[in-house]
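Hi everyone, thanks for coming. I'd like to walk you through one model today, starting with rings and charges and ending with domains.

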Number of protein chains: 2
Amino acid sequence: MGLPDPVLAGLREIVGPDHLLTAPEDLIPYSFDGTAALQQMPGCVVFPRETAQVSAILKLAQRTRTPVVTRGSGTGLSGGSVPVPDCIVLCLARMDRILELDRANLTLLAEAGATTQAIAEAAAAAGLFYPPDPGSMKISTIGGNVAENSGGLRGLKYGITRNYVMGLEVVLADGEVFFTGNKCVKDVAGYSLKDLFIGSEGTLGVITKVLLRLIPRPAAKKTLLALYDQMEAAAQTVSDIIASQIIPCTLEFLDRTTLQCVEAYAHVGLPLDCEAVLLMETDGHPAAVQEEAARMEAIARRNGAREVRVAGDEAEAMRLAAARRNAFSALARVAPTTILEDATVPRSELARMVRFVQEVARKYNLKIGTFGHMGDGNLHPTFLTDERNPEEMHRVEAAAREIFQEAIRLGGTITGEHGVGLAKKPFLPLQLNPVEMRVLKQLRQVLDPQGILNPGKMFD
Amino acid sequence: MGLPDPVLAGLREIVGPDHLLTAPEDLIPYSFDGTAALQQMPGCVVFPRETAQVSAILKLAQRTRTPVVTRGSGTGLSGGSVPVPDCIVLCLARMDRILELDRANLTLLAEAGATTQAIAEAAAAAGLFYPPDPGSMKISTIGGNVAENSGGLRGLKYGITRNYVMGLEVVLADGEVFFTGNKCVKDVAGYSLKDLFIGSEGTLGVITKVLLRLIPRPAAKKTLLALYDQMEAAAQTVSDIIASQIIPCTLEFLDRTTLQCVEAYAHVGLPLDCEAVLLMETDGHPAAVQEEAARMEAIARRNGAREVRVAGDEAEAMRLAAARRNAFSALARVAPTTILEDATVPRSELARMVRFVQEVARKYNLKIGTFGHMGDGNLHPTFLTDERNPEEMHRVEAAAREIFQEAIRLGGTITGEHGVGLAKKPFLPLQLNPVEMRVLKQLRQVLDPQGILNPGKMFD
């Protein structure tokens, strides 16, 4: 198979020979993303350096009915950027310039291939703050963050990627280019097209530029770690904190399996027999931070935390946060295949959901470490498994299905921040009703009538 | 003309005779909304009391190809709820129940006809806060707020209606009903349909229920009023406040024309020769509020404010805020017709825009009072005119067009918070490029193929 020569010749003409990969050994790194057990060789990889090239590539793809899978750094966890057979992989990593930082309007304009980290650093250099912090932010691209509407640890207080997007440059499937949005804090002229493209996972158009909102940096921050013998006590701590009108910037959770893996990996000095660990951070005005930290500590102790560690300085805060920041790496180390889910429930259902995951692990005789964003109900049950063992993989699938069904039953979602992609596609109809599914398909039909953009993903 | 008898009989059967108006004298109050100089008698007004009735009404309308204009309290300022000839006015005011306040998840579920005020009060009664505060909030409905994506005075710090909508129940043009969204802080399963319906001005579906996010109430608040001899000094104060990393909850502005009208109306004790007045409010932790208020006062003085009044208590804060809160009423009192625009620009262009409005007023020999949300660039140039004077109305139209063009030239928008409706429809193609216009039309075509919902509005 492979792509027809005229398609490859056309692409070479658009981007030049240095920006097209076709040799099988060059394509391998682009045959998968961060999602376990999904791989597919593409027909080629093309690296545009400007929007006009993206437009020309899509026009060529449209004319030749060639599928296009857009990607940035390929850190996705739902298979959203895994190629489809004989597709063009449109990699935006070389469109990575930060084009403008506007201090008067608190905005930043970047090309889609700029990394989240580069954006966070550019904001910080201007004394400002870009809050969304997906786990992969060191290498993930802002285009990917927008396409997946990425979350992160600060979602509870600061919101997610969607809340910081003021404008987008988009190339439609037919190659037409437009910029939607502007630097106005308020703008209600027409439907909010940017909100339709945010989270559309590469199925409605290609995002080439992103205009972001920045905010002032919080002046102070305080980090606490609380250790519990009982899951319920940790969950009650979270509920009590919210009920007492504190919205911490971070309210993260590790279960015992995750804790044990983290300790074996990073030696952060945590007792191995804890049932749950809470990482809590408050930021803002120094007086507010001081007071909130004291109240959170008191709430944790009142709920029977066996120990609360309060960071005295930034270095200690980093050490305490390390347990949570290392969770995924630590889990990934103990098994050949790590399947990271992100079933999410309303905050009130969190303890119930964690217990359910533990029961499912027992029922199917699987190792599942759970960690996640307890403040916003966004859990990461992580299967520690081996994709070469088909029998175990069947049990993983059955267990995942039960977890998704329970999340939906509790008023939650199959994906809080990773997207649907290929990995969650079978489960989407469990969550959305048939009318909503129909509308999703109709919207895609309008914007990509030939279905060349990331075909077979989400609901396609 | 009028609606055919079978349509009226069908509606009567769906809602019962007590919930259908057909007599001309009963229809008059529903022949206009808050927008000046727009009026059209509808064929009837129907008041459903539950979603199933809305669905049945839309099925009937679809079958008989009868246009439907949805409205709440009719406070809109862009003609979005002005009837079209022989339409059914679908008034949701009798679906006004607050269905649930969930303290654990900080959410509120209400029917579309609940007033913004009722929602704010229900939240406050639970010790929580619903920040969006459109000027008409005492009577505007939440369904209307969502359909228009309403703003308000607190937009700069707290965002607008969109930022507080977690879920919507929607009835599509064909009568199909679905609920999109849930109580999860994070959910990326599928395109964000709720974001498509927010701000769609009744052209894509009928919103029947709204699930809202609430936040903790700020513990303290401080109000300041600064008086300036020069517009530039007020604008520089705003810039300096933002540059010093303060995001006040309110940063409002009145020009001299507005100030004079307010003083004549409400006698708040302001000097009539000021060029600009800034109303500033900070809220949050008491220590932060104290500090921010002191810094804002210093910044105002440094920029040459001739007087800064700081409220000592809540009563005085109310008195200071009264000048701004009364601005529209005060202006509306001095002329038979008040046309309130909401041209909006990036914050950095605000002083330039205010000057431009003043020049346009001189050029066309018109009286224009300008006030608005200076912190977020959302201006309300208000024409004080008389719709019975066609020659003057022509000058108003020409002036408005120049103002919109300048807003767009400065990277702004023709409407920051009022919507497009009928009033801004001619100007939308000036702001959006042809590709974006095409996409808007295609999206509507998908969701309302017969075009029965609010026809002729926005871009239709």
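Let's begin with Arg94(A), whose charged end sits over the ring of Phe47(A), 3.8 Å from its centre. By that I mean that NZ of Lys or CZ of Arg is within 6 Å of the ring centre and within 35 degrees of the ring normal. In chain B, Arg94(B) lies over the face of Phe47(B), at 3.8 Å from the ring centre.

A quick word on the ground rules. This is a predicted model, where local features need pLDDT of at least 70, side-chain atom pairs count only at pLDDT 80 or more, and totals for chains, interfaces and linings use all residues. Residues are numbered from 1 along each chain as its sequence is written, chains are lettered from A and ligands numbered from 1 in the order in which they are written, and side-chain values use heavy atoms, with hydrogens and water left out.

Now, how many aromatic pairs does a search of the whole structure find? Over all chains, there are 12. Rings of Phe, Tyr and Trp (its six-membered ring) pair if their centres lie within 6.5 Å; planes under 30 degrees apart count as stacked, over 60 as edge-to-face and the rest as tilted. One of the pairs is Phe404(A) with Phe427(A), which is tilted, at 4.5 Å centre to centre and 50° between the planes. Phe404(A) lies in helix α14 (residues 390–409) of chain A and Phe427(A) in the loop between α14 and α15 (428–431), so this pair ties together parts that are 23 residues apart in sequence. Helices (H or I, at least four residues) are DSSP runs, numbered from the N terminus, as are strands (E, at least two). Phe404(A) counts as buried at 1% relative accessibility, and Phe427(A) counts as buried at 9%. Buried means under 20% relative accessible area, exposed over 50%, partly exposed in between (1.4 Å probe, protein chains only).

On to the domains. An automatic or database domain assignment gives the bounds, and chain A is divided into domain 1 (5–91), domain 2 (98–216), domain 3 (220–328) and domain 4 (335–418). The centres of domain 1 and domain 2 of chain A, taken over C-alpha atoms, are separated by 22 Å. Their contact (heavy atoms within 4.5 Å) takes 13 residues from domain 1 of chain A and 16 residues from domain 2 of chain A.
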